[in-house]
Amino acid sequence: MNLYDLTIEDAHQQLIRGEVSAVALTRAVLARIEAVEPRIQAYLTLDPEGALEQAAAADRRLAAGEATPLTGIPLGIKDVICTRDMRTTCGSRLLENFVPPYEAAVMERLKAAGAVILGKLNMDEFAMGSSTENSAYQITRNPWHLDHIPGGSSGGSAAAVAAGMCLGALGSDTGGSIRQPASHCGVVGLKPTYGRVSRYGLVAFASSLDQIGPMAKSVRDCALLLNTISGHDERDSTSVPQPVPDYATLAGNGFQGLRVGLPREYHQAEGLDPDVRQAMAAAIDTVRNLGAETVEVSLPHTAYAVAAYYIIAPCEASSNLARYDGVRFGVRSQDHADMPDMFRRTRTRGFGAEVQRRIILGTYALSAGYYDAYYGKASQVRSLIVDDFRRAFETCDVLLSPVAPTPAFKIGEKTDDPLTMYMSDVFTLSANLAGIPGISVPCGLSSGGLPIGLQIMGPHFSEDRLLAAAFHFEQQTDFHRQKPEL
Amino acid sequence: MSITREEVRHVAGLARLDLPDDVLDTMAQQLDGILNYMETLNRVDTEGIAPTAHAVSLTTPLRQDERRPHLDREAALANAPERDEETFLVPRVIG
């Protein structure tokens, strides 16, 4: 087996047994990047020298017997997470030259654990998009089929993991941006409960919805990453002071005896691709064979989730993105007449079309005379969606559904039609509105050879339950072992 | 409700965006489609429903009012498009 194909778990075993060094592992992943990156285009910034220095430090730590499960493990980071002294663009021209003066909380934790940071991964600009096509820099391709999108907005992270260009990655999820690309690229991705992982140093898109989470080749690898990045941080006022269990034990019986809710509105949705439908039927059989009891449940306000989300998220974004004025950081437009003109030129040139569209949509929905009709109404509907989940979890332990209605679509297929693009988030964004965790685990391949993901959602802080269930599902199937040919 | 090109121009101005006419046309058309879709929310009876701003309820955390280390000035200024030794520089605001 190639070193770059190792899981984090297996690489750790080889590292602590001295069968491979962190430097050799990092070199192998860098060589893999050199070989396939020209076709995939997942990285926006690559730091081979820094990575090898970190790997050398990891080897010293391994030799001293002070290794953590992430010591010497080469990782990629979505370019929306601030990395001190390493450029952080958010996929935007406006931040082309931005080098954060501080480290995000998750980066402090990864570095303290001895992880090797390879570089920064492509994304839709400011995490707004479902295909990574909104990056100002490059189109990232799906490693399974280069004409297809990798999903988004954490498309670079998913593609890099699937292509062996890192052993694991961090993404961020505001409406499905970890789970949907994980599903499209055949990797595992977890959106934690809102407040589980500190958002300190995560560039804000929609603050009440954003959450950082792990993406990796296996469920256990995701658990190892979650162990390291979770926990209370007083610098994020929404960080929840709740103890972090050891997720990587994957304790419990998985699906055995679990009551699994099948939301009618998801499984009977119009526009559900036949291959996805078939993969879901097979997945339901698998969890029943694993000892789960399945029950049909209803999330009656699902039909309104896309509309509510695409009001709330742009409203929050229009406020968050007001900070990009060309004063303290970013690319300032030079040929301006006065300060308001400087703001306008900086923002008009710096932001791409989708970001501008959402800023205008959010500004409109918050403006005098429209606030109640849009933001107020959407926030009330959000309460009903929260209540839908609360009721569902009275009769079941977890919810099982597709991650996305279709496998990865073709590059360019939806770029002219923002509303159709928004609809592709229909199964994922409710979890963000309700703040609950969700995991995507590979559950099949389409007839066209593209991965399909299974979503498991649970109540707040049920990550241990989701991971154990996903782990048992993974062990029962071999989809996570399949790799794209590159 | 439908949004006109002039409304889009006005709202873009509020957000400090200055869109050329052809972009305004496309944007107005797309936003109109999106806002029409948002009308589906009006089918939901939300009479008496309290709005949700955050899904995980938290109280505002407080800490002791004491001095703590903060980003030093040079680090804070390092990304400035224009600066002097101690502050950010912007175009003259008052004549």
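Seven bridges join strand β10 (residues 438-445) of chain A to strand β11 (residues 451-457) of chain A, and the two run antiparallel. Welcome to a predicted model, in which local features need pLDDT of at least 70, side-chain atom pairs count only at pLDDT 80 or more, and totals for chains, interfaces and linings use all residues. Residues are numbered from 1 along each chain as its sequence is written, while chains are lettered from A and ligands numbered from 1 in the order in which they are written.

**Strands around β10(A)**

- β10(A) and β11(A) form a hairpin with five residues between them, and A:Gly449 in the turn has a positive phi of about 80°.
- A:Leu445 stands opposite A:Pro451 in β11(A).
- Strand β5 (residues 188-191) of chain A also pairs with β10(A), in the antiparallel sense over three bridges; pairing takes at least two bridges found by DSSP.
- In that pairing, A:Gly189 stands opposite A:Ser440 in β10(A).
- β10(A) is mostly covered, with seven of its eight residues buried (20 or more other C-beta atoms within 10 Å of a residue's own, with C-beta atoms placed from the backbone).
- Strands here are DSSP runs of E with at least two residues, and helices are runs of H or I with at least four, numbered from the N terminus.

**A helix pair in chain A**

- Helix α2 (residues 22-40) and helix α3 (residues 48-63) of chain A pack at an angle of about 155°, with their axes 7 Å apart.
- That makes α2(A) roughly antiparallel to α3(A), a label for angles over 145 degrees, taken from 0 to 180 degrees between N-to-C directions of axes fitted to C-alpha atoms over the stretch in contact.
- A:Ala22, A:Val23, A:Thr26 and A:Leu30 are the α2(A) residues that meet α3(A), where their partners include A:Pro48, A:Leu52 and A:Asp59.

**The nonpolar core**

- Of the 175 residues in the largest nonpolar core, A:Leu75, A:Ala308, A:Ile311 and A:Ile360 touch the most other members; such a core is a set of buried Ala, Val, Leu, Ile, Met, Phe, Trp, Tyr and Cys residues joined through C-beta atoms within 7 Å.
- Leaving aside neighbours within four places in sequence, A:Ile360 is in contact with B:Val8, B:Val11, B:Ala12, B:Ala15, B:Leu17, B:Met27 and B:Leu31 (contact means C-beta atoms, placed from the backbone, within 7 Å).

**Where the chains meet**

- The contact takes 45 residues from chain B and 56 residues from chain A.
- α2(B) gives the most to the side of chain B that touches chain A, with seven residues.

Note on methods. Parallel < 35°, antiparallel > 145°, perpendicular 65-115°, else oblique. Contact = placed C-beta atoms within 7 Å. Buried ≥ 20, exposed ≤ 12 C-beta atoms within 10 Å, placed from the backbone.
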